[in-house]
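Reader: Could you walk me through this structure, one question at a time?

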Amino acid sequence: MLLATLMLLQTAPAVQDVPTAQVHAVGETVAVASLEDAADDPAIWRNARDPRQSLIVATDKKAGLNVYDLSGKLRSTLPAGRVNNVDLRSWRGQVIVAASDRNDKANAKLALYTLDTKAAKLTEIGRFDAGAGEAYGLCMYAPRGGKLYAFVVHKAGTIVQMEILPEGGAIKADRVRTMKLATQSEGCVADDRTGLLYVGEEDVGVWRFGANSRDALGGEKVIAADGKTLVADVEGVAIAVQGTRGGYLVVSSQGDSAYGLWRLPDLAYAGRFRITAGKFGATSETDGIEVSTAGFGSGLQGGLMLAQDGDNAPAAQNFKLVRWADVRKALRLK
């Protein structure tokens, strides 16, 4: 038996590692105030008139929301408690920021804010019922026609779609649809161009749903956590937009501190990379990510990626900034 086992080991083909490119961060934010596992998810507001004055909104999931400029300087903090994921959209002349509120782990909430882009400060609108369970992931969806939605992903896999609505001079949010994945889920992103929602089920892979409120409740698994191109946990999910349908779905492969890309719309695998140490530190065990392919001024003309860094020792966790052009070059993307 031992001899047969040794012969089998000698004749079995060696497992080949999936090629993984390397890029370096070109900046980083100030570390969050909370220690240990605290920084989680970023979002980008782009100043169309002066892209260099764009802002980053990100979560310290033990304390609240931080607003940074592109140099990584902390501009303001809103003590919102335990908010996990964050996203934003421009809507009706305002910048609306949404966060998954897990202050009450038994009852999920959608927390809404407005962003004063000149003062770089957030003001709370309100917190709205997102069903029984612990709020975890969150992403927003702004289809054509002026509607605005937020998806609150519960830790146990429930996905609650909420419509954000004007009410007199105020804003409210109502539940309009509920979907379900079987196990722990978090990261999500909605494609405003195509009306598709992508949700990460942490040990399983990425699922695709219709993002409109009347779409079917069921989804389809489109990317597997295969332990090679995507290593569980599946965490942050973002879209690098190209044209009317194209670009790349970018997913945090937390299990091996890498990031995988799948081409849109067909979701063919396009490569993977790591953010390694250079002028700034490497990233590891990344939770939330964000990508914008728009220009952000000198040095960032080709776009910007943000990635949470799970180990920013000796400081607390923070967020790293990467030139999207560097990712494209490293992976030889067209």
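This is a predicted model: local features need pLDDT of at least 70, side-chain atom pairs count only at pLDDT 80 or more; totals for chains, interfaces and linings use all residues.

Reader: Which residues are closest to the centre of the largest pocket?

Author: Let's begin with the pocket itself, whose volume is about 790 Å³. Its lining is made up of 37 residues. Of these, the closest to the centre are Ile44, Leu88, Arg89, Glu290 and Val291.

Reader: Which strands each supply at least two residues of that lining?

Author: By class, the lining of the largest pocket has 18 nonpolar, seven polar and 12 charged residues. The strands that each supply at least two lining residues are β3 (39-45), β7 (83-91), β11 (135-141), β15 (185-191), β19 (234-242) and β23 (289-292).

Reader: Which are the edge strands of the open sheet that includes β15?

Author: This open sheet has four strands, in the order β15-β16-β17-β18, with antiparallel pairing. Within it, β15 and β16 (residues 196-201) pair over five bridges, and Asp191 stands opposite Leu196 in β16. An edge strand pairs on one side only, and here the two are β15 and β18 (220-224).

Reader: Why are the buried residues of α2 on the same side of the helix?

Author: In α2 (residues 324-331), the buried residues are Trp324, Val327 and Leu331. They are on the same side of α2 because they cover an arc around the axis of only 55°.

Definitions and conventions:
Residues are numbered from 1 along each chain as its sequence is written. Side-chain values use heavy atoms; hydrogens and water are left out. On a 1 Å grid over the protein atoms alone, a cavity is a set of points where a 1.4 Å probe fits but cannot get out, and a pocket is an open set with protein on both sides within 12 Å along at least five of seven lines; lining residues have an atom within 4 Å of a point. Grid points are joined across faces, edges and corners, and a volume is the space filled by probe spheres set on the points. Ala, Val, Leu, Ile, Met, Phe, Trp, Tyr, Cys and Pro count as nonpolar, Asp, Glu, Lys and Arg as charged, and the others, Gly among them, as polar. Two strands pair if DSSP finds at least two bridges between them. Buried means under 20% relative accessible area, exposed over 50%, partly exposed in between (1.4 Å probe, protein chains only). The arc is that of the directions from the helix axis to the C-beta atoms.
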